[in-house]
Amino acid sequence: MPLLEINDLQTHFRTPDGVNRAVDGVSFQMGEGETLAVVGESGCGKSVTANSILRLIPEPPGKIAGSIRFRGVDLLKLSDKEMRRVRGNDISMIFQEPMTSLNPVLTVGRQLGETLRLHQRVSRREADARAVEMLRLVGIPEAKRRLGEYPHQLSGGMRQRVMIAIALSCRPKLLIADEPTTALDVTIQAQILDLMKDLKAKVGAAIILITHDLGIVAEVAERVMVMYAGRKVEEAPVEKLFRTPRHPYTQGLFGAVPKLGSSLAGNLTKLAEIPGVVPSLKQRICGCVFATRCASATDLCRQSAPALELKAPGHLAACHFAPKEALAA
């Protein structure tokens with residue numbers, strides 16, 4: 001049985017201008033201990049998908065439909081009280097900006113201890129001891145002293161480590177990391193990524209990594225899901241996706257990545273760009289969501305939405321003309 005199984009996830013927001021289809025029919029599975037990267041440009045539905053899993057979408061104006069099964073249990077059918085037991089205990093999330101995610105008027109120790117006392121039912125003394133242990137685990141020096149400090153007294157990298165410590169304090173089976181290295185310098189980014197890989201080995205949690213940085217994907221993930229305009233357009237193991245991207249949008253993303261040495265004399269190459277703009281998510285799109293920006297689009301693409309098909313072993317793509325390998329019988 002998969003750890004996480006999502007079928008036809010639809011998260012829509014009702015606005016004065018119409019219904020915004022932020023996530024429109026996304027399906028995927030995750031196994032125990034697996035790392036899945038979710039990539040795509042801003043506004044494609046990555047973070048909404050993550051928040052939908054934890055049911056953090058306010059209703060109204062939001063509305064979640066489909067099924068989200070975690071260890072066989074459909075989270076959308078749980079009561080609010082039952083869902084609160086899942087959040088932070090079985091499924092944890094590292095949010096994008098730690099300065100706004102951490103409470104500025106509560107100490108680090110209070111915020112770590114609160115999570116442990118709520119979900120693990122331990123005493124204050126046990127919670128403090130576990131909090132020190134977790135801060136040491138994520139590489140924060142003088143961990144005992146840091147319990148009495150406030151978020152503004154820590155650097156950006158240390159605040160992100162505190163967020164990871166809080167997320168992992170209850171030993172969750174699934175960790176969702178939403179742009180965990182945003183706004184951090186490259187040295188701290190590398191430390192955070194190394195930390196996540198190390199902790200995954202120690203704790204054994206599966207990870208959903210939301211990012212737009214393909215370099216991070218190559219370093220951390222095992223499988224990649226590419227999203228565009230609220231839909232999944234491609235999914236494959238990391239090696240296959242980087243070697244042979246099959247959807248035109250994924251190919252465009254790789255074309256926009258700067259190449260090492262491209263600015264050297266005699267080797268000037270202009271970064272590729274994806275022309276056009278993302279279609280409005282408030283209008284129902286009959287054909288391929290990428291048709292208006294795709295150089296290879298035909299009338300078929302504009303009139304008929306391509307199904308997600310197996311184009312190679314383990315490699316799915318939603319494109320009428322994506323190259324297809326012969327599959328073993």
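Helices here are DSSP runs of H or I with at least four residues, numbered from the N terminus. The model is a predicted one. With that numbering, Arg121 sits in the loop that links α4 (108-120) to α5 (124-137). Arg121 has a relative accessibility of 69%, and because the cut-off for exposed is over 50%, Arg121 counts as exposed. Together with Lys81, Arg84 and Arg85, Arg121 forms a positive surface patch.

Helix α1 (residues 46-53) gives another picture. Of its 8 residues, 6 are buried, so the helix is largely enclosed by the rest of the structure. The buried residues of α1 are Lys46, Thr49, Ala50, Asn51, Ser52 and Ile53. After α1 comes Arg55, which has a positive phi, near 55°.

The cysteines come next. A disulfide is a covalent bond between the sulfur atoms of two cysteines. How many disulfides does the count come to? With a cut-off of 2.5 Å between cysteine sulfur atoms, the count is 0 disulfides. For Cys286, the nearest cysteine sulfur belongs to Cys288 and is 12 Å away, and Cys286 is in no disulfide. Is Cys286 buried or exposed? Its relative accessibility is 61%, so Cys286 counts as exposed. Cys288 is likewise in no disulfide; its nearest cysteine sulfur is that of Cys301, at 6.1 Å. With a relative accessible area of 15%, Cys288 is buried, because buried means under 20%.

Methods: Residues numbered from 1 in each chain as written. Predicted model: local features only at pLDDT ≥ 70, side-chain atom pairs only at ≥ 80, totals over all residues. Heavy atoms only, no water. Patch = residues over 30% accessible without salt bridge, like charges linked within 9 Å, V, L, I, M, F, W, Y side chains within 5 Å. Areas by Shrake-Rupley, 256 points an atom, 1.4 Å probe, with all protein chains shown as cover. Salt bridge = Lys/Arg side-chain N within 4 Å of Asp/Glu carboxyl O. Lys, Arg positive; Asp, Glu negative; His and termini not counted. Charge placed at Lys NZ, Arg CZ, Asp CG, Glu CD. Helix = DSSP H or I, 4+ residues; strand = E, 2+ residues; numbered from the N terminus. Buried < 20%, exposed > 50% of the residue type's maximum accessible area, 1.4 Å probe, protein only.
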